[in-house]
Each structure stands twice: as C-alpha cells, then as structure tokens.
Amino acid sequence: MTGNPNPLIVVDGYPTELSLNDINPNEIETVTILKDAAAAAIYGVRASNGVIIIDRKKGVAGKTRFAFRSTLGFRPPEDYNRYRYASTKEATDILRDYYEDANHPNFEFYRNLIYLDIGQYDNTINGSDNTRMLLIRKSWGQLTQEQMEEEFAKLSAYNNSDDYEKYFLRTALTRQYNLNIYGGNNKTLFYLTGNYLGNRLNQQNNDGRKVQLSGRLNLELSPRLSFELLTDYNNTKNEIAPIPDINTLYTDERFADEHGNPLPVMSGSGGVGRITDSIRSKYNGYDHRMYPLVEMNEVTTTQRIADYRVTANLKYKIRTGLDVSLGGIYETSNMQERRYATELSAAARQIVNRFTLVPTATTPMTYLVPKGGHLMLMHSAMRNFTARAQLSFNKRFASVHSLNAIAGAEVRGSVTESSKAAYFGYNDQTLLQQPVDYARLKTTSTTGVLYRSALLNVDELFQQTFSDDRFISGYMNAVYSYDDKYSFTGSIRVDQSNLFGTDPKYKYKPLWSVGLAWNAHREEFLRSAYWINNLKLRVSKGFNGNVSKNSLPQVIAQYATNNIFATPVAALDILSPANSGLRWEQTDNFNVGLDFTVLKNISGTIDYYNKRSTDVLGSLDIDPFRGFSPTLVNQASINNRGWEITLNSDWISTRKVNWNTGLAFSHNKSKVLEAYVLKPALGAYTPFVSSQAIVTAAQAGYIKGEPVGVVYSYRYAGIDETGRALMYDSKGNITVMHPSYDEGIASLDNRGPSIPSTTIGLSNRLDIGNFYFYCMINFYGGFVVKAPRPDPNAVRPIAGAGNFWKKAGDEAIPGVLPSRDYIGTSSPFLLDNSDRFIMNGTYFTINDITASYNLRKLDFLQKAGFTSFEVKLQVSNLYTKAFNDENYSVATGNYLKRYMTPTYTIGIFTNF
Amino acid sequence: MKYKSNYLTWPALLFCLLLASCDKYLDVVPKGKTLLTNVSDFELWMNSKVTYEISGIPQICWMTDHAQKLPWDPAFIGENERAYLWAEQFTEPNYPPQMLAGAYRHIYLYNTVINNIDAAAGGTPEQKASLKAEALLARANEYFYLVNLYGKPYDAATAATDPAVPFVTASDIHVATPPRMSVQGVYDQIIADINDALPHLPEDNSDNRFRGSKHAAYSVLARIYFYMRNYSEAAAYAELALQRPGGAEVTDYNGLVKNFFPRDTRINEMIFARGSDPNSGTSVAIGDSAFIKSYPSTDLRPALYYYDGPYYPFNYNTIKPSAGVRFGALSYDVQVGTTVAEMKLILAEYAVRNDDVETALQHLNEIRIKRFAPADYQPLSSTDPEEVFEWVIRERRHEMPFNGLRWFDMRRLDSENRMPEIKRYDREGNVLATLPPHSVRYTLQIPVNALIYNPDMDQNP
C-alpha cells in the first residue's frame, strides 16, 4: 500500500512529524489512542491508521517541584556461536565437494593466468576463498596431499564467531538523565525539562547522544485571555563506523594474523585477492582489498541533527460557553551527515583504483580520481508549520440538554529538501581536496584501468531533492447529549492539498463520521444494580478517503540528464503513466463498543470493528501490453473486522497491598473482497493460472476471498532416488516437484494469514508496601511463518546446508535436501514455498520484568526533601518460544537467531 | 444585537479570506517533476534515455546460430539458457517479460507524444508535427521488432490471417488492450505511419543520431521491406537512406584499439541509432566457435567485436576460453540501429538476387576495404551469383553478428528454404535441442505472464 503505514501522532494538540522515539517518555501525562471512525474525521486523511494523542505534563500550582531520573541499560552483544549457522567443517566440506567435482576445471589451467596483466585478471582465482586457494596450491604443486589435508584440518577447526565478537562487538550501554522543574501559581504554570541520552551501540565505534530541552508555559493574561507557549529543542549526534555483516564472511576467514596485523576479507574487496595483488605491486597502485579492522577506524560517518519546535496557542473567551483559539506550530529539523573515508580505507582506495590508467608507451600512470581520502557531505532539512483557528462552544440547556461543538480551519505546509556533494583527494588535516575531471570519468572506457568496474554514476555523488506539501482544511465536530445518558456525535472535515493537475472531482470530498453513545449505568433500571459502576455503549460510523499524489490521469515526468554523450542533454523521464481509471481510496468504518466498570475494581472495554477499504492503492504488476508495469493502481478492496477486549482489574486494593492485572486481547480477520487481477480459477484461462503465479500474487498481498497476506504452500513429499524433491498432487499421489506437474491451485494448500490474527497481552503488577513487581507476557497466534532453505551456495551457510543428496540412498537421510543439480534446474521456488519450510508461527514472549523499591521512608532522604526515591530494576525482551518444530519465533527478528537478547536497566526515579 | 454580530463577522471574514487565498497557496509548482504541457516538454521527453533503447537484444542473440553456450551447465538454467534451447516459454514466470514489456514501454512513451502533442502549448505547428513524426517513426521501429518476434515470417499469402501482436495506440494504462493484429495489418500500419511522418521529419539528425530524420525513416523502411522480402522496395529505400547529409561512409576499423571502441566514432555510421536496453542484461553472449573461425584470419572485426576471457568460472573443461561478445559496461556501445553498412548489404543482396553480381560485389568490397588492413585486403571477385549470394549472407553475418538481425535473417532465409537444421549440444556432445527448417519455434510464443492478463488472446503454437 502507498502512503505512511504509521498512525498519526499528535503532541499537545498538533500533529507532529517526529517519531515516538523522539518524545521523552518522562514528559508524558496522558496517551489516548483513537482507533474508530471519529479519529479520522477530526484529524483527516493522515489519521486513517489511527491516532495517538499525547499530552505532556503541565505545571502544577504550588511550590516549585523537581523530578530527577537516571537510568543505565546494558545489552550484551550477539553471540553468533548460538546462531543456526553451519560449522566451519560443514561449510568447507560443501565448498571442497563443489570444487573437487570432476566437472570443474583443472586448476592447473589457471597457472598461466598468474601472470595476468591489466584488464585480464580472473575473478575466479583472485577472489578465492581459503578452501579454493588450498586446492589451487596443491594443483600447482605448492602443497602435497598430506600437507593439504593438514591445512584443511586447521581451517575446519577455526570459527571466526568469537573473533568477530572480540573485534567488532561490545556490550551496548544506554545512559539517560532527566530533570524536570515545574510549578506555578494560579495565573502562571510552567514545566521545564532537560534530558540527556547517551547510547553506545553493540557495534564498536558506533555511538550516539541526544540532548532534549523543553519549556512549557501557561499564562492567564486576563480572565478572558489565556496563552500557552511550548518550545522544544533536540540535538542529536551519531557516529557510525562500518562493521562487516557477518553473513558476508566465510566462517574460516580471519581478521588478524598471529602478530595482530589486519587481514583482508573477500567481501568488499571487489573480487581482488592475492593473485591480482601482484598487479598492484607491479604498478604501485593502492591495495584494493578491504581490511575490516582498518576500515572500522578509517571510515567515519558523523550525523548531527537539530530539531526545533515552537507551539503557541491563544485562547479568548468571548462569552460563557464560547471560546475562540488561534494557534500554530512551527517545526524544523536539520540533518548534516559527513562521511569521511581516509586514504587508508578501502572505500577511498577502490574509487581511485577504478579510475587509474596504467602507464602505456606514451602516457604515465594517470589518476583520474586523485589519490587521497574521500569526503561525502549530505544535508537534509524539513520544515513544517500548522496554523489553526478554532471556535468552541459549550452550552447546557434546560439542565438536560448539552451541546459541545468545535469548528475550525487549518493551514499546513511541509517542505523537505536534501543535497549531496562529494570531494576526492581529500585530507581532513589540511582540509584540501583536489579537482576531478567528471566528464572524462564518465566517458573513459573501462579497459586500461587498474581494476575494471562500472563507470562513475554522478547521481551517487551529487544530488538535490525537494518536495513541498501544502494543505488547507476545515472541520467541525459536535456532541449533543441528553440527560447525560444519550449522546450523539458528528464530525466532518474537508482537506485540500496541492496535488497538481488533480481532477476537480477529487477536490472537496468530505470525510465524516457519526456516532451514538449510551451511558447505560445512568438509567433508572440499572441504578439498583450496585455492582455496575459504569456501563457505556457506543456505536459509530465514519468515512475516510485518500487520493494518491503519485499517479494521475496524466503522465508525470521528471527532469533528468541524458549523459550518454560527452555533452549531457536535458531530458524528461517518465515518472508515472497516465491512468484515467484511478479512484479515491475509501474506507468505511463501523464500531460498536462497550466500556464497563463492575465491582468497582474491574474495568474494561469490548470493541467490535468492521472496516471496509475499497480501491486500495498499491503498486502492482499489470498487463505488460499497457506499457508500464508495475504501476500504481486501485488494486484491491479489503474488509477488516475483529474484536478487541481490554480488561483491567485490581484484585486486591488496600493501603499496603495492591495487585492489578491487565489483559488485552485482539482478534482480527481480513478478507480481500476484490483484487485487481489474478483470480485463481482452474481452467478459466488458456493457459491456466499456474500455482507459481498464485503463490507470488499471495505474497504481494491480495487473492480474492482470502485474508490479506494469505500463504499457500506445496505439499512436500520427500526426496526421490535421483535427488529430486517430491510433492503430493491433488489426489495424494507423489510426483516430482517441478513446474511441469503444476495443477494450479490444486497443487497448493491454503495455510492462512502470515500476520498474527490473535494477540494477547497479559500484565501483572503487585505492590507490597514500598516494593512493586511487574511482569508482562505477550502471545501471538493464528499465522504461519516461512523459514529459509539452507543454501549451500551461501557464503555463511545455515546448518544443514551441506546435507544434500549426493548419491543413491541419500534420500533416506533425515533432513536431507535435494541435489545441487535439482536446485539449479528446477528453480527452488516450489521447494522454498512448501510445507517443509512454511510452518506454524505462533509464539509468546516474556517482554518485561520489573522490580522496584521506593526508599522515600528513609530519614535522610526525607530531610533532604525527597518525596519519592525509587530504585528500579528491569529486564526487557527476556525470552521467546515458538510452537513449531524448529522453535523459530519471529520475535528474535531473524531465523538464524534462536534466542532473544535482553536489555537490563537499572534506574533511579526521584521527586523533590 | 450589535454585540453578537460583531464577534461573528470577524472570524467569518477571516475564514473567507483564507478560502480565497486557498487556491493560490495550493497552486505551487513542484520542483523536479512536471506534467507534459508545453511543446518544449515533449522535446525533452524525446531525449529520455529510455527512448534510445531496444529491449531484449541479448536474448534474441542467444536464439541465433551465432551463439554457443559452452560449457553447458545444467545447474544454472535461466531465461537465456531456455531461449538458447528455443523453449516454448523462456521468460521467468513471475516477472514482466523483458522483450515484450520493454517494447511496449517504449511504445507507451511514443504514444504519449502522438496523442498529446497537438494539445500542447507553445511551439509552432511545424514543431508539433516534427515531434509527432519522430514518435511515429520510433513506434514503427518497435513494432517492426515485435512483428518479427511474435508473428510468423512474412508470407504474403497468409500474412493477413497470421496473428502478430496487439497494436496499442493508447497512452492511458486504463484503456483495454486490443486483440492481436495480423502480420499484414502491423506491417501495413507501420509503413503507413512512417509515410505519414516523412514530410514532417527533420532533414538531418547528425547532432543526435538517436533522434529521427527523413533518412532515418528511409533506413527503417528499408529494413521493414527487406524482412517482408520485398527486396526491390527495400533497395529503393536503402538508396534513399544513403543520401543522408552525414554521408555514406563505412567506419574504418583500421587504427582502432582492441576492446576500445570509441562510441562517437562508431556512431557517425548510424543512420537511426538505437542501443541495447541495459535492463535486458549486459550479460555476454558467447560466440559459436565455428562461426568465429569463419572470419578470415586478417579480418579486423573479431578483435574489436569479441572479447577474450573465461566467463563461466567453475564449470567448463575446455583448454582455451571461448571468445565472446562484450556487450559493454555501457549498453549504448552495442548499436542495434540502422547503419550505412546495413544499407549497403541490403543493396548488395538485392543486386545479387537480380543476378547483378557487379553491383553486389562493389557494395561488399566497399565495406570490406574498411575491415582489413590495407596490406591484407583482397577484393572479392566472381561471376557466379550463387557464390556471391553466399558471400553477401556471410558478410551480413560477419558485419552484424549480435545486433539481433541474425534471428530475423534466419527466419527470412528459412522461408526461402535456405536454413539448415541447427543443433545445441552439451559438453559431452549430446544433442540438447534442434531447430529444424520451418519449425514453429521460429515464431515466439506470447509469454504466459502477458496472457494471464488477456485470457481471450490466442497463443502461437
């Protein structure tokens, strides 16, 4: 789907572009989540995914008070020994079998290539892994058979997981200090906050820190006029250094030799290895290879981000029950990123080498990109503002009727821009850089250079982007209630934005909602039911819609440079084709809910929702004859319905002891009502819709009549005597798993959704005196998950990748995979999507355990003025377990990881 | 009450003012993108790199007898390998089919101009007519490729009923795809379109050979008639094409450095230039060893067209690496457009088919003199039309081995019963596939993933 999948975040009355991470949790007074129809109608189109309303703490009249918090968190580094990787022996055996196969070339042949010259190097030997190098050296007589076997034994005995942790990882540390100062009198209230967050990540040389300052002021200027001013300032600095991804490293690659000197690794070395290094020494060029231990210190990226936010609101009481308020917010965010790769780094050297012309009879060695470091500067800025005028009316008539209404208008604008620039031959000490002949770089042929590669793409180095979004809206919301028992709500909103070239029929389409609520507990007949403290029934219905900005009934083109000639030519490239069939994305919402409190201590809500989205916009493959595929179309209509139940209960509630349980349950069912194309039906087409097409369409999200993200799988039936995978066909017979035996949808089982349909959260809190204990567990069920197939061709294979069929009889080995030939010819698509790898995804996690003790009773603390002094210990992301054979829980984030890495936090929370 | 009306009017006034400046505030032009409203926009549109490309050339080359996939590795079968074996369906089932989708993508770009240029602002009627003419020419060129891939080889007796491809003229993706047009219908339409375009095309495209011109149109017409086997019309248009302002000189390959083919030098020989779409892959086609050996040993072309080096790292056991064609880091180095040499070869073939051996030899020698060092050059001489015909075909193969035309030539010659059976072998010498004369595989099937969206469309056998 297009657009932002995130809910709208409203802070202190205005929507914000900042993410939840940027909001200091110590500042939050209340969080309200609006999910129903009313939400969108008040906040507009951006609220179609729900609204999170956050109100921050305000000053309290009285003497000035302070709150100070300090927390320290630890997170241990990843232990790759515990991952599902194959052992070094398994990985080297896979490679060795492959290279020793009789069908592979005699390495003797490559001996002649050792004297390769420019442009003739052989990728195959140069980028060789350790296994192949041993075989090559033996074939060239540098090792005897016994010596080679010895070397192989040594190689298989070493696993670089421990060294990886030693050189590249560390315990992550998070420190936070927060100070609040607040107070005021009956005319002035203030709230000041200062917050420092320091982050040392698990990856070495990667750190960050953030400072947040906030000041909020509420002033009563006169009995009728009040003024509110909120200012926020955030300053972030991040330092990023490159750490190699462990999946790109062979299990036997070492990072340093026995003297501690850095060693190069294959990945990132541009296919250059030991042999072509001889070319370098012949021509005195840079070492092209990547040394991770050097790279992590020689390439630094520094990001500095500064955010400012100012909100001002003026409220004037015209007369009782009628207020007008004028206000607005202005937000800016500026980011500067500076990436400096010194002359010692592979990042800088490889660019130089790619454009170094070797000497010929008539020309000397020419460096088209000057030797030295490489500097990239990136800058991006975002500014947005909202200005609002609102009238609000509150009146009670004849003591039973009450009417609350607001009407307002809003103007909003948002600008983002970014730019990039690159410098070569740069040295950070001298601050000097050298000129580059870009025109020559783009047109010079790649032959004659030291290391062949693609020509320079200037867009990677220099770029400007800009976007400007503007909106004007008007809205109205009214609540009428009778006798405090029955109320009726209505809201309407019109948004207009700067979609250029929009068809007038798309303008001024209103969003609206209506709702009814009944406070049943106020009814006469329920007054006698003493056990019901609160019972409110609510019903609402609303309409929301969205128009795509990115596709129109006319062609949208973007400016580009056609640089196939030495002199570039201005051009317009197509950005989006004309689609006269585009319609509004519309959502109809219906909710029924019950809020209750019974027996004074048990409260909860039960909600049922039914949401129908028609003409959902998304990018889809369409008929290639139409000229532009994939493209944005109204691709589906979806129905989403479900239940949400929350329960909150204070089982024991006395002065000394408190026990509270919270339960949140949700169950969701989605169904695709219409999908743009591909309605699987046997025999309806010539040729019929293949099972592969169905599986792919399901992965894209929409099959008519099925839940969104439905998964289909083939029925795996083992391996046959020639190493091919087998499957059960629609009649239960075993056939070879191959597209020729396709029966369309009959070849597949419907496995249900890939997104959890049921989630349960359970939390418990026990307070005894000054001590409390808290625990939270989550459960996710009703979905399937796909595990990856161990691939023997992977650089760092998954355990079991070497267990594939090699000879007759192997099909009986448990867990055996098909032969390598089969995987190559038949396309492993069917095997990857079979029930061998698609399994039940249900899992639960223990999210949080907290223990806390409040020391406020201690004498010396009371004398010092502390009203509260709490010491808290917390462990989060503690544990997970999945209910499938492989214990693959998506909570770990990665199939390879079997466990959760917890974070341990200790904190001190004080008030004085 | 006076008081009441006062405090209501002010907000109301503000509101009205707001609405009035509404449209103005929202009428901001975005940076970096635009709708196509002016004639100048369409001029820039015709400069888009995408319009300079033909898609699917590497795959077409794999289908010819110039390609040889050795060593054959059964563990790595993809689209190119299936095309090499003339499989009924060779495109990946889950992606838009390269050749077809690429051609129709280009057609979409040209249709956008053809349909919307008349309503564009600014610019003179001549400019509009000229841009429309260029788009008509480029579109006709695309349909030329399509009809020769998905329609049977042209046979005047059956062309009116042989299905080819849908002739799409819409630039709105919401418009339904028309049914397949007949081979005759497509040819008639593209010839008519080019004839409509001719009076309005620019005289000269020497500053940008990728754009249209009158002579470019003549060269495309020459190709079209040539593959309809209407050799006299083809020759007439080839003659006209060679009268272009850029001259009728074939590039001299003497003095060019191995593997270093300066783009600008080559391009002057182009009459209507087109490059190979980089999305079709810059993967290398490997030259058939027998074919490579058929070049005379002193011919300059192998050194410049072909590139030494092993390509399949693990899996072959020949001693010497095969030679292959480098499609280049920049696909525009592979020129598939019409060239002076191609026009001369058309003229040579027309001449020899009419037993005019002298004219044929003259054209052949004018090309060959630039393909050998002066010391090695031997002009061809003969009086036997059959022998000279063989030379013409051979020269065609040598001059344009991998620009896609060989496949079309194979079809054309097969219609005249001049193609032998072609076989594909694995590394043990076993036959993997054969292409017998008049095989239905000379006409490609419409890819399955295009037919899914057009269930009523007929499929080729």
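## Basis

The model is predicted: local features need pLDDT of at least 70, side-chain atom pairs count only at pLDDT 80 or more, and totals for chains, interfaces and linings use all residues. Residues are numbered from 1 along each chain as its sequence is written, chains are lettered from A and ligands numbered from 1 in the order in which they are written, and side-chain values use heavy atoms, with hydrogens and water left out.

## Confidence

The predictor gives the complex an ipTM of 0.84 and a pTM of 0.76. The average pLDDT (the predictor's confidence in each residue, from 0 to 100) of chain B is 81, and 81% of its residues score at least 70. Helices (H or I, at least four residues) and strands (E, at least two) are DSSP runs, numbered from the N terminus. Within chain B, helix 7 (residues 183-197) has the highest mean, 96, and strand 9 (residues 323-325) the lowest, 32.

Over residues 309-332 of chain B, pLDDT stays under 50.

## Helix 14

The 12 residues of helix 14 (residues 357-368) of chain B should span 16 Å at 1.5 Å a residue, and the end C-alpha atoms are 16 Å apart, which agrees. The expected span is 1.5 Å times one less than the number of residues.

## Helix 16

Helix 16 (residues 405-415) of chain B is mostly covered, with 10 of its 11 residues buried. These include B:Trp407, B:Phe408 and B:Arg411. B:Asn417, which follows helix 16 of chain B, has a positive phi, near 60 degrees.

Definitions and conventions: Buried < 20%, exposed > 50% of the residue type's maximum accessible area, 1.4 Å probe, protein only. Contact = heavy atoms within 4.5 Å.
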